[in-house]
Amino acid sequence: MTFYVENETESGFPFDAQALTARVAEAVLEAEGCPYEAEINVLITDNEGIRQYNREYRKLDRETDVLSFPNIPFERESDFSMVEENEADYFQPDTGELILGDIILSADRIYEQAEAYGHSLEREFAFLVAHSMLHLCGYDHEEPEQAKVMERKQSDILNGLGITRG
């Protein structure tokens, strides 16, 4: 699998962001039964940067903690069967990897939320990657039932990796 992680901020983390991204993303893809090697791009920006992306792509002029840009228009969550029908649209020609999508994280919000929720930066970062990866696999949380499904999956994945709130 290929994970491109670019940090355009001055903020650093007390852990290897690329390694943690890979660990969490691989756990999500395994849990979701993805049969392909995947490519995921992650950009770490600040509050102003994510606000600009949110304004440009979602027409919402406000900060957020994470944005997800799925490459695959799933009809059903994690139903990867449709990607082979449009191989040129979904697979990297050079590597054959499934281009799953892009994730944008706000380093500022990771720091703020870790402090507000009383857990580690690693846990907040991992939570946001897991959350975003589920979006890249077709999940949403617009409806209460959808939110419950995502919350359970996020919790199961992080607990399985030993990344807890404590």
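Buried means under 20% relative accessible area, exposed means over 50%, and partly exposed lies in between, with a 1.4 Å probe and protein chains only. By that scale Ser78, at 13% relative accessibility, counts as buried. This is a predicted model: local features need pLDDT of at least 70, side-chain atom pairs count only at pLDDT 80 or more, and totals for chains, interfaces and linings use all residues. Residues are numbered from 1 along each chain as its sequence is written, and side-chain values use heavy atoms, with hydrogens and water left out.

**Overall build**

- The protein has six helices and four strands. Helices (H or I, at least four residues) and strands (E, at least two) are DSSP runs, numbered from the N terminus.
- Along the sequence, the order is β-α-β-α-β-α-β-α-α-α.
- The radius of gyration is 15 Å, close to the 15 Å that the globule rule gives for 166 residues, so the protein is as compact as a globular protein of that length. The radius is taken over C-alpha atoms, and the rule is 2.2 Å times the number of residues to the power 0.38.
- The C-alpha trace spans about 45 × 35 × 30 Å along its principal axes.
- Of the 166 residues, 48% are buried.

**Salt bridges**

- Side chains of opposite charge can pair when their charged atoms come close.
- The structure holds seven salt bridges. Each is a side-chain nitrogen of Lys or Arg within 4 Å of a carboxyl oxygen of Asp or Glu.
- Arg51 pairs with Asp61, with the closest N and O atoms 2.9 Å apart. Arg51 lies in helix α2 and Asp61 in the loop between α2 and β3 (66-70), so the pair ties together parts that are ten residues apart in sequence.
- Arg51 is partly exposed, at 27% relative accessible area. Asp61 is partly exposed too, at 42%.
- Lys148 forms a salt bridge with Glu145, and their closest N and O atoms are 3.5 Å apart. Both sit in helix α6 (residues 144-160), three residues apart, which means that about one helical turn separates them. Lys148 and Glu145 are exposed.
- Asp156 forms a salt bridge with Arg152, with 3.9 Å between the closest N and O atoms. The two are four residues apart in helix α6, so about one helical turn separates them.
- Asp156 is partly exposed at 48% relative accessible area, and Arg152 is partly exposed at 45%.
- Elsewhere, salt bridges that share partners join Arg51, Arg55 and Asp61 into one network.

**Surface charge**

- Glu6, Glu8, Asp46, Glu48 and Glu63 form a negative surface patch. Patch residues have over 30% relative accessible area and no salt bridge, and like charges are joined within 9 Å.
- Asp46 is in the loop between β2 (38-45) and α2 (47-58). At 31% relative accessibility, Asp46 counts as partly exposed.

**Positive phi angles**

- Lys59 has a phi near 60 degrees, a positive value in a residue other than glycine. Lys59 is in the loop between α2 and β3. At 67% relative accessibility, Lys59 counts as exposed.
- Ser78 has a phi near 55 degrees, again a positive value in a residue other than glycine. Ser78 is placed in the loop between β3 and α3 (87-90).

Note on methods
Patch = residues over 30% accessible without salt bridge, like charges linked within 9 Å, V, L, I, M, F, W, Y side chains within 5 Å. Areas by Shrake-Rupley, 256 points an atom, 1.4 Å probe, with all protein chains shown as cover. Lys, Arg positive; Asp, Glu negative; His and termini not counted. Charge placed at Lys NZ, Arg CZ, Asp CG, Glu CD.
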